[in-house]
Amino acid sequence: MESPIDILIVGAGVSGLTAALALHRQGFKSVVLESSNSMRASGFHLSFWTNAWKAFEEIGVADKLRQQHERIPEMMFASMVSGLPTSLTSLETKASNCNHEVRRVLRRDLLGALEKELPSGTIRYSSKVVSIEVSGYYKLVHLAAGTTLKAKVLIGCDGVNSVVAKWLGFKKPALDGRSEIKGSSYIDDGHGLGPNFQHFFGKGVSFGVMPGDDKCIYWFFTFTQSQKDGPIEEDRAKMKQFVLRNIGRVPEQIVSVIENTKLEDIEMYPLTFRPPLEILRGNISKDSVCVAGDAWHPMTPDVGQGGGSAVEDGITLAKCLAEALSMTQTDGSLSYQLDNEGYERIRIGLSNYAKERRWRNFGLAVSAYLMAIIVDSEGMVLNFLRDNVLASYLGNLFLKRADFDCGKLKICSNQAKPEAEGKN
């Protein structure tokens, strides 16, 4: 067994790499375990709102990501039944301390930007965690390859099937009852749909298109599958035809985008979530172990904050842990052998993280739950209210949930953030 690892993070996804980089900016070393044999290139674009861009600025990757992904100026809600817009919301209005900012970011671009800023060797690939046990003040982390690692701090960022969350006592995430088909299309001559987010709803389904840039367009279709639909999840051609049959009255230009989407760029999966009360009451941290991101609070995509909340978690966790472990050696390792004092310091840091994030993530989960009820309703009364009364409220709800700042890091002098190059 190798020497004890100060901070061991399980999962090289959004929350895991954000936490690792935020710790690094504050002078703390960490090791990140990733079960796959290389950086996961799969995954579509993720929506990142104002709250996430503030966090990206803290860890010094915002400007690089801004250069690669265009800003989305407006969000339009429209009815699938009538084909008419019901509201138009600016996504560049004034927030608490800045203007709102929304962009779609390709998942592999984000992970690549985070990895590039980390010290070489931080991420250990082909390292699948299978079990955890307690050994005094330490946690023994057993890997599938037969290796055992000894950790002072253990952070679970290992997604919806988290081994760390299970160890803490969390149940498996619940099925929402809906599924989502999503795809992306690259059009050499440009998609011609403009820069806005267009969201259509009606007939118990919702459908949206959002540009990555002027040539790449991302789309999604959320629905409740019934027996009469037949099995479609194993056949991408059937997925595409199912979407085309059920999107209602949307512009022909959008229909053409779906028709031209390559089958390999389409996927379908059931929506899962952590019930809001479990997020609120769950065992987020215990002694020197905690969870973040989807390992703690998987949520449906209805308010677009799955990725943003994971980034917030990573920043807040690193901030609280660094404040509790303020004594460091010049090489960035914890300055003490793990004894009762050090163990208590770790426990307090993780407990402070849990307190700071609990109500925020509970609020996001409740908002996503209510948004799903409103948007995917088939009831005549709620449909009328949604299209004629609540439409502008829905757009403002997105902005309200994005108007959040997870705080500042105490950046080490040798970890100065890159200078801002503008937000356009």
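Modeller: Buried means under 20% relative accessible area, exposed over 50%, partly exposed in between, with a 1.4 Å probe and protein chains only. The model is predicted, so local features need pLDDT of at least 70 and side-chain atom pairs pLDDT 80 or more, while totals for chains, interfaces and linings use all residues. Residues are numbered from 1 along each chain as its sequence is written, and side-chain values use heavy atoms, with hydrogens and water left out.

Biologist: Which residues of helix 7 are buried?

Modeller: I254, V255, V257 and I258, in a helix of residues 252-259. Helices (H or I, at least four residues) and strands (E, at least two) are DSSP runs, numbered from the N terminus.

Biologist: What puts them on the same side of helix 7?

Modeller: They cover an arc of only 155 degrees around the axis, so they share one side. The arc is taken from the directions from the helix axis to the C-beta atoms.

Biologist: What covers the buried residues of helix 7?

Modeller: The cover includes strand 11 (174-186), strand 12 (197-202), strand 13 (205-211), strand 14 (216-223) and helix 6 (236-246). Contact means heavy atoms within 4.5 Å.

Biologist: Why is D302 called buried?

Modeller: Its relative accessibility is 10%. The cut-off is under 20%, so D302 counts as buried. D302 is found in the loop between strand 17 (289-291) and helix 9 (306-324).

Biologist: What makes the pairing of D302 and R178 a polar contact?

Modeller: Their side chains come to 2.7 Å. The limit for a pair of N or O atoms is 3.5 Å; within protein, one must be able to donate a hydrogen and the other to accept it, and residues adjacent in sequence count only if both atoms are side-chain atoms. The side chains of D302 and T300 are also joined by a polar contact, of 2.6 Å.

Biologist: Why is helix 1 called roughly parallel to helix 4?

Modeller: Helix 1 (residues 14-25) and helix 4 (residues 107-117) pack at about 30 degrees, with axes 9 Å apart. Angles under 35 degrees count as roughly parallel, over 145 as roughly antiparallel, 65 to 115 as roughly perpendicular and the rest as oblique. Therefore helix 1 is roughly parallel to helix 4. Axes are lines fitted to C-alpha atoms, for helices over the stretch in contact, and angles run from 0 to 180 degrees between N-to-C directions.

Biologist: What makes helix 9 roughly antiparallel to helix 10?

Modeller: Helix 9 and helix 10 (residues 340-375) pack at about 155 degrees, with axes 8 Å apart. That angle is over 145, so helix 9 is roughly antiparallel to helix 10.
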